[in-house]
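This note is meant for a colleague meeting the structure for the first time. Its points may be read alongside the sequence and the coordinates.

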Amino acid sequence: MEFVQFSQVLSLISMAAILLFMLGKVIYSCWILPKLRYRKLRTNGFDGPAPIFPLGNINDMKKELKKTVSPSLSISNHDIHSFAFPYYARWQKLHGNVFIYWLGTEPFLYIADPEFIKKMSAVVMGKSWGKPRVFKRDRDPLFGNGLVMVEGDKWVNHRHVINPAFSPASLKGMTNLMAESATNMLDRWADLIYSGKKEIEIEVEKEITSTAGEIIAKTTFGINYENGGKVFDKLRTLQIALFKSIRFVGVPYGNLIYHKEALKAKKLGKEIDALLVSIIEARKKMDKNQYSQHDLLSLLMLDESANGMDCRLGKTLSTRELVDECKTIFIGGHETSALALTWTMLLLALHPEWQTQLREEIKQVFGVGEIDVTRLNALRKMGWVMNEVLRLYSPAPNVQRQAKDDIQVDNNVVIPKGTNIWIDVVSMHHDKQLWGEDVNEFKPERFKDDVYGGCKHKMGFLPFGFGGRMCIGKNLFLMEYKIVLSLILTRFSFSISPNYKHCPSILLSLRPTHGLPLIIRPL
Ligand code: HEM
């Protein structure tokens, strides 16, 4: 009897010890560690809005959003920073272009200063950048350990294996797939305008997003849209569930608030992984001649000798790594490209004179025949339009990094190891000091003689990020953009629908909240 009581007391004591240990751990990581970091950041000269435990500045952000959420902007107002990111705009006024704010118990160094970015990137190489731990955890079902999130030597290795798949020679083989998908979309539009009707309203964002999804499904997995559609639909649902569940990013146990969405995201992530594994395994069993050599997956699965790659660093990717890279390329490649094309359609609808100019250029470059992909570079004006759209409505509105070691920026400024970094690209792209008084006007000609669009600082225009971690898919996007836009412009003209509400907002990327209805007319 006595022995039973003694063992019960012992187990109670050990349970209490475990609970105390866990509590201590929570207090250390959620309270003491952030306090220490805060002090360190302040002693390094960084200021910012005072955080309140455990939400940091999340409530301030919500309040600021509520204040400014008028239903929409005037249609020709491209001054979107204070509309989509009112909290940053307010803090900038109070604390300048570099300050600290807090998502939960995680400090973020906010930067909208190109000179500061230049100094930082001069001392940190691609491989030495980290990615914010909170995002790695929360966005795991979406990206896993794919290129966007992977760090250090592993990042070098993955980038090394993936780079050749994005070379001009590899991309050239994908152009027919792009033209085919875009033509399917335009045939659908033509069918909708049945005889007698001169014009029709089309929800262009939806159309372009699904076409970009089809293009990336074909170029990534080499599969038709019906099969790729399963992965695509699940990834999209996953993205929405994830966005809800990460509203309390950085707040200790914040995902419990939206636990249903977090669980749903996890489940979807697993289903997508299983689908991709089956696609990869089926591909492995195929005779190499059976499948197209032109999709990214086949290029990533080639062994290194066949790929003509330098083997010093690397190895081929495992199935797990291939799954994560497929998801990463799919998400990174489809959404941003679709949004860039969508915002382009909006701006061209507002500026029919640019539709005319681009149509003339397309005719000059290709004549009346088919698009010659070797001549895409000759579409110079289209390139200016593209840059101007990426400047005004950057689909990737921010770049996120983490300091893996102390970063000495100036003699007396150090970014302490572990600090998350949030670069506000939209703010820099809309900064009068960098671009001049006409910063919020659509003026593609500013890129006529200058790839930086006349920006006073070369790091002030960063639609694809910077340094070694710059977007790997830039060339694929340039090709897709010019092919799809040329095909649209040669068949249709378009103007704004009275049903359009101008309300750019953020759901991981910068998107038109209520879609983009346009009035489409055949030429
Ligand atoms: C309008 C089109 C696009 C925009 C605006 C865009 C923007 C960006 C940005 C800002 C980054 C972060 C760079 C940094 O940290 O400095 C990035 C990285 C990346 N993007 Fe894109 N992107 C676009 C298209 C694409 C496409 C078409 C693909 C793939 C098919 C792609 C795949 C990736 C990947 C894998 C990374 C991670 C690179 C690394 O960390 O090494 N992106 N992109």
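Which residues have the most contacts inside the largest nonpolar core?

1. The core. The largest nonpolar core has 133 residues, and those with the most contacts inside it are Leu-109, Tyr-110, Leu-300, Leu-341, Met-345 and Val-484. A nonpolar core is here a set of buried Ala, Val, Leu, Ile, Met, Phe, Trp, Tyr and Cys residues joined through C-beta atoms within 7 Å. Helix H16 (residues 319-350) gives the most to this core, with 15 residues.

2. Basis of the model. This is a predicted model, in which local features need pLDDT of at least 70 and side-chain atom pairs count only at pLDDT 80 or more, while totals for chains, interfaces and linings use all residues. Residues are numbered from 1 along each chain as its sequence is written.

3. Overall composition. The protein chain comes to 21 helices and 12 strands; helices (H or I, at least four residues) and strands (E, at least two) are DSSP runs, numbered from the N terminus. Of its 523 residues, 42% are buried, a residue being buried if 20 or more other C-beta atoms lie within 10 Å of its own, exposed if 12 or fewer, and partly exposed in between, with C-beta atoms placed from the backbone. Among contacts with a separation of 6 or more, 76% join residues 24 or more positions apart; two residues are in contact if their C-beta atoms, placed from the backbone, lie within 7 Å.

4. The annotated segment. In an unreviewed entry, UniProt lists residues 12-33 as "transmembrane region"; positions are given in the numbering used here, feature names are shortened, and annotations may be inferred rather than shown by experiment. Over residues 12-33 the chain is 100% helix and 0% strand, with the end C-alpha atoms 30 Å apart.

5. The five-stranded sheet. An open sheet of 5 strands has the order E1-E2-E8-E5-E3 and mixed pairing; two strands pair if DSSP finds at least two bridges between them. Strand E1 (98-103) and strand E3 (129-130) stand at the edges with a single partner strand each, so one side of each lacks a neighbour in the sheet. Strand E5 (residues 398-403) and strand E8 (residues 420-424) run antiparallel and are joined by 5 bridges, with Arg-401 opposite Ile-421 in E8.

6. E1 pairs with strand E2 (residues 106-111) in the antiparallel sense over 6 bridges, and Trp-102 stands opposite Pro-107 in E2. The hairpin of E1 and E2 has 2 residues between the strands, and Gly-104 there takes a positive phi near 60°. Leaving aside neighbours within four places in sequence, the contacts of Tyr-110 include Val-98, Phe-99 and Tyr-101.

7. The three-stranded sheet. A further open sheet has 3 strands in the order E4-E12-E9, with antiparallel pairing. Strand E4 (200-203) and strand E9 (492-496) each have a single partner strand and stand at the edges, so one side of each is without a neighbour in the sheet. E4 and strand E12 (residues 517-522) pair over 4 bridges, with Ile-200 opposite Ile-520 in E12.

8. The ligand shell. Of the 24 residues around the ligand, Gly-332, Gly-333, Gly-465, Cys-471 and Gly-473 come nearest; a residue counts as near if its C-beta atom, placed from the backbone, lies within 6 Å. H16 gives the most to this shell, with 7 residues.
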